[in-house]
Amino acid sequence: MKQTGLWSFFDFLITSDSVEFSKPYPHGLQKIARQFQCSPDEIIVVGDHDIDMQAAESVGAVGLRACWHSYQSVIKCNFKEEVTFQSVSNLRSWIDIRTEG
């Protein structure tokens, strides 16, 4: 996150060590919603695996799929709200457009 320059966009981070049941269970996303006192559908999930997208979809969050790794060249499942990025710069541009002004 620090190497890509994306760290500054995040205020809070949840890992599998932070919750009793990790993805694809929604516990981590529910914990984030509580932390920020928001609805889970206001959360954006950036992930590179199907379980990331499954967790996002289970709570109504937006799923952004990172496909810039070679092992991600074939997506196993497509989820209805998923947005796919082929590079970090594409993701940064998407974020920049939505955070301007």
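This is a predicted model: local features need pLDDT of at least 70, side-chain atom pairs count only at pLDDT 80 or more; totals for chains, interfaces and linings use all residues.

Entry 1, core. I looked up the largest nonpolar core and found 11 residues: I14, V19, L29, I32, A33, I43, V45, A55, A56, V59 and A61. A nonpolar core here is a set of buried Ala, Val, Leu, Ile, Met, Phe, Trp, Tyr and Cys residues joined through side-chain atoms within 4.5 Å. The elements giving two or more residues to this core are α1 and α2 (50-59). Apart from this core lies another, of 7 residues, with L6, V88, W94 and I95 among them.

Numbering runs from 1 along each chain as its sequence is written, and side-chain values use heavy atoms, with hydrogens and water left out. Helices (H or I, at least four residues) and strands (E, at least two) are DSSP runs, numbered from the N terminus.

I placed L29 in helix α1 (residues 27-36). L29 counts as buried because its relative accessibility is 11%; buried is under 20% relative accessible area, exposed over 50%, and partly exposed in between (1.4 Å probe, protein chains only). Beyond four places in sequence, L29 is in contact with I43, V45, A55, A56 and V59, where contact means heavy atoms within 4.5 Å.

Leaving aside neighbours within four places, I32 contacts F12, I14 and I43.

How many disulfides does the structure hold? I counted 0 disulfides, taking a pair of cysteine sulfur atoms within 2.5 Å as the criterion. C38 is partly exposed at 23%, whereas C67 is buried at 6%.

Entry 6, pocket. The largest pocket is lined by 41 residues, and F10, L13, I44, V45 and V46 lie nearest its centre. A pocket is an open set of points on a 1 Å grid over the protein atoms alone, where a 1.4 Å probe fits, with protein on both sides within 12 Å along at least five of seven lines; lining residues have an atom within 4 Å of a point. To the lining of the largest pocket α3 gives the most, 6 residues.
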